[in-house]
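Look at the structure below.

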There are 2 protein chains.
Amino acid sequence: MSGNWMVEEFFHKTFSMGFKIKEYLHSEQSKFQKIDVVETDSVGKLLLLDGKTMVSDKDEFVYHEVVSHIPYMVSRNCKKVLIIGGGDGGVVREFVKHPDIERIDLVEIDERVIEVSKIYFPDCTSGLSDKRVRVLPEDGFAFIKRAKAEYDIIVVDSTDPVDFASGLFTDEFYADVYNALTEDGIMMNQTENPFLDEFGIKNIYNNMRKVFPIVSSFNAPMLIYPGVYWTFGFSSKKYRATDLNPAKMGHMHSLQRSLKWYNMDWHKGTFAISNFHKQMIGQE
Amino acid sequence: MSGNWMVEEFFHKTFSMGFKIKEYLHSEQSKFQKIDVVETDSVGKLLLLDGKTMVSDKDEFVYHEVVSHIPYMVSRNCKKVLIIGGGDGGVVREFVKHPDIERIDLVEIDERVIEVSKIYFPDCTSGLSDKRVRVLPEDGFAFIKRAKAEYDIIVVDSTDPVDFASGLFTDEFYADVYNALTEDGIMMNQTENPFLDEFGIKNIYNNMRKVFPIVSSFNAPMLIYPGVYWTFGFSSKKYRATDLNPAKMGHMHSLQRSLKWYNMDWHKGTFAISNFHKQMIGQE
């Protein structure tokens, strides 16, 4: 390999992905982690936290659209949204497209991620200036314990289940999220790649099922994540993942031109998962 | 990276994927190409043709099940199937699961791929001994020109559109396939990764649309292919991709335990593609 590359090794260091680096744009050690931004040819600007690929210009729209518009379209009366993590702002940018949402709280422990993203990913952070958005530089674990029956949607925008983020995949945490949700609330989270099952996806889903009566899984590609085939969880108190709210369909049709990934047919189709995907999450 | 790795660079050498090699099992130069088999930790045995990843133990079932069971379930009266390429035998293995199919022709120009696969991928080649299977060591281009209104399903199991395989993505070739199909025939082909659009996917789909009245696209992950998110084409003379044949559903239900990826709900869902996927293939 000629030139400089950002190469990550996964799955017990037996599988790798690499991005050729055009330019090093930013590097700092915040109070919580190392934050780097590099310019690449294949995926544009790339944000790294502790050396792990987090966000790229090329594919950020996929993650941000799916974790926001799916629960929004299922929810009946969505007034308050909470995002835990997600300091790049991309999830907020998607939720502010819905005028009936009154409050969006972003709880990001590391303010430096937000500030760096404002410089290098201004499109992602463009929603943060919306009047309905509150940016709270706090620990998500402590925050969620205080919230009670308050949020209609909670998005856990987390890294892999290692170090302090591993707590975001336990049934104790999911119970705190459950209690922070309104009576028909929905939790969305990323649940890793089942082909490279380093973190025990079945266990993650079992933890979700201990707490939520309705747990579904879908996939959407994340080009910069290990092995690309990415699974996400939809955990709900009342409504099923494919039970779209008819009252919102007109609004969603009018939004279609501004969305790069999400449409309602895709939403319904992606929950029809393969036998492999079912087996890996322990679904009958 | 410590130890030996099989690293491939894609997208104008700006994006890479690598597999750590445990053991070199086989290497030869056939009349047509270099054939290698390596043992890896992440994906098991891995077949390489001219240094490009073709088949792995870990994920071969995905490709082989989707290109076979999708057209089979849409076809009304499927007696004869043609597979162009696919010397590893995986597609044949799937088609022989359907007792109503009377003849499966495998046209693979390189007999050595078949022989090497028999040694290292015996599960893939297990269907080749079925009495209905005819293995024809011929040039697919010449073969298809001779066939007229003969096959109900044709699977073009090709490599990337480079060198001699580039001819498998032209409207001239698709017209030959069209003529070789019966009046309600279906062509299946792999159509690359739209995130790393090295080969002009829109052009491939335009060529298919010049010839077939019904052209749809879906995706299934190929862990060992560049960028994993893989698209496939479904080109049909009469029946739509999601118009499953009700007469075959009982049989498919009974097969479910033996299938690792395919189920009928997934089949219908995967054709509900994202805005991005639509845009990349030029679909309204």
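In this predicted model, the charged end of Lys80(B) is placed over the ring of Tyr151(B), 5.2 Å from the ring's centre. Lys237(B) likewise lies over the face of Tyr178(B), at 4.0 Å from the ring centre.

Rings also pair with other rings. A pair of aromatic rings is described by the distance of the centres and the angle of the planes. Over all chains there are 40 aromatic pairs. One of them is stacked, because the rings of Trp261(A) and Phe276(B) have centres 6.0 Å apart and planes at 25°, and planes under 30 degrees apart count as stacked. This pair joins two chains, because Trp261(A) lies in the loop between α8 (249-255) and α9 (264-270) of chain A, and Phe276(B) in helix α10 (residues 275-281) of chain B. Both Trp261(A) and Phe276(B) are buried. Tyr262(B) and Trp266(B) have ring centres 6.5 Å apart and planes at 75°, so that pair is edge-to-face. Tyr262(B) and Trp266(B) are both buried as well.

Now to the interface of the two chains. The contact takes 41 residues from chain B and 41 residues from chain A. Together, chain B and chain A bury about 3400 Å², with 65% of it on carbon and sulfur atoms. Of the area that chain B buries against chain A, 18% comes from Thr14(B), Phe195(B) and Asn275(B), more than from any other three residues.

What kinds of polar link cross the interface? There are zero salt bridges between chain B and chain A, but 22 residue pairs are in polar contact across it. On the side of chain B that touches chain A, β2(B) gives the most, with six residues.

Methods:
Residues are numbered from 1 along each chain as its sequence is written. Chains are lettered from A and ligands numbered from 1 in the order in which they are written. This is a predicted model: local features need pLDDT of at least 70, side-chain atom pairs count only at pLDDT 80 or more; totals for chains, interfaces and linings use all residues. Side-chain values use heavy atoms; hydrogens and water are left out. Rings of Phe, Tyr and Trp (its six-membered ring) pair if their centres lie within 6.5 Å; planes under 30 degrees apart count as stacked, over 60 as edge-to-face and the rest as tilted. Helices (H or I, at least four residues) and strands (E, at least two) are DSSP runs, numbered from the N terminus. Buried means under 20% relative accessible area, exposed over 50%, partly exposed in between (1.4 Å probe, protein chains only). A charge sits over a ring if NZ of Lys or CZ of Arg is within 6 Å of the ring centre and within 35 degrees of the ring normal. Contact means heavy atoms within 4.5 Å. Buried area is the accessible area (1.4 Å probe) that two parts lose on being put together, summed over both. A salt bridge is a side-chain nitrogen of Lys or Arg within 4 Å of a carboxyl oxygen of Asp or Glu. A polar contact is a pair of N or O atoms within 3.5 Å; within protein, one must be able to donate a hydrogen and the other to accept it, and residues adjacent in sequence count only if both atoms are side-chain atoms.
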